[in-house]
Amino acid sequence: MTTPETTQSDAQMYRNMLRWQMMATVVVIVAAVLISGIPAGISALLGGAAVIVGAWFAAKIAVRAKAKADPTAVLLNMLKAEAVKILIIAVLLFAVFKLYQSLVPFALIAGLAAAALFSGAALAKAQTPV
């Protein structure tokens, strides 16, 4: 059964993941601005933000799912969290492609990739404070 301490440590783990994603996105933004200019930096920001927003919503669903004791319910809620994350990322990226006229695709993908890769790294190192 999940205790309040476990739920709190899970919430801390997700905050740590989001922090790692934000730092990775900032590094990519700075590199994009230095290499290709402001539109590339904005593109990198939008790519990273899509993943961060999706991960934030998924973390909210995942923490809520941890309160259930039934393994099937936990698995279904985790799958629901992942589906919500992917859907949010897809919708935000679609909006970026449609609305941002100065889009630099490589920078957008770099921001997206950095945030996505560092979410896995942060979860693997969940106990390491940032």
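This report describes a predicted model of a protein chain, moving from its overall make-up to selected residues and elements.

## Overall make-up

The protein chain has 130 residues, of which 36% count as buried. Its secondary structure consists of four helices and zero strands, and the pattern read along the sequence is α-α-α-α.

Glutamine 21 is buried, its relative accessible area being 0%, whereas isoleucine 35 is exposed, with a relative accessible area of 70%.

Leaving out residues up to four places away in sequence, glutamine 21 touches Val51, Ile52, Ala55, Ala115, Phe118 and Ser119. With alanine 115 there is also a polar approach, in that a polar atom of the glutamine 21 side chain lies 3.2 Å from the backbone oxygen of alanine 115. Isoleucine 35, for its part, belongs to a nonpolar surface patch of about 440 Å², which is made together with Val26, Val30 and Leu34.

Helix α3 runs over residues 71–99. The helix has 29 residues and reaches 42 Å from its first C-alpha to its last, which is close to the 42 Å expected at 1.5 Å a residue.

## The salt bridge in α3

A search of the whole structure finds one salt bridge, and this pairing joins the side chains of glutamate 82 and lysine 85, with an N to O distance of 3.3 Å. Both residues lie in helix α3, three residues apart, or about one turn of the helix. An α-helix has 3.6 residues a turn, so residues three or four places apart point the same way. Side chains of opposite charge can pair when their charged atoms come close.

The two partners fall into separate accessibility classes: glutamate 82 counts as partly exposed at 37% relative accessibility, while lysine 85, at 19%, counts as buried. The value for lysine 85 is to be read against the cut-off, because buried means under 20% relative accessible area.

## Other positions along α3

Alanine 83 has its place in helix α3 and counts as partly exposed, at 45% relative accessibility. Although alanine 83 and glycine 54 are 29 residues apart in sequence, their C-alpha atoms are 9.6 Å apart in space.

Phenylalanine 97 is also placed in helix α3. Its C-alpha atom is separated by 9.8 Å from that of serine 43, a residue 54 positions away along the chain. When neighbours within four places in sequence are set aside, phenylalanine 97 is in contact with Leu103 and Leu108.

Notes
Residues are numbered from 1 along each chain as its sequence is written. This is a predicted model: local features need pLDDT of at least 70, side-chain atom pairs count only at pLDDT 80 or more; totals for chains, interfaces and linings use all residues. Side-chain values use heavy atoms; hydrogens and water are left out. Patches are made of residues with over 30% relative accessible area and no salt bridge: like charges are joined within 9 Å, nonpolar side chains (Val, Leu, Ile, Met, Phe, Trp, Tyr) within 5 Å. Accessible areas come from the Shrake-Rupley method with a 1.4 Å probe; for residues, only the protein chains shown count as cover. A salt bridge is a side-chain nitrogen of Lys or Arg within 4 Å of a carboxyl oxygen of Asp or Glu. Buried means under 20% relative accessible area, exposed over 50%, partly exposed in between (1.4 Å probe, protein chains only). Helices (H or I, at least four residues) and strands (E, at least two) are DSSP runs, numbered from the N terminus. A polar contact is a pair of N or O atoms within 3.5 Å; within protein, one must be able to donate a hydrogen and the other to accept it, and residues adjacent in sequence count only if both atoms are side-chain atoms. Contact means heavy atoms within 4.5 Å. The expected span of a helix is 1.5 Å times one less than its number of residues.
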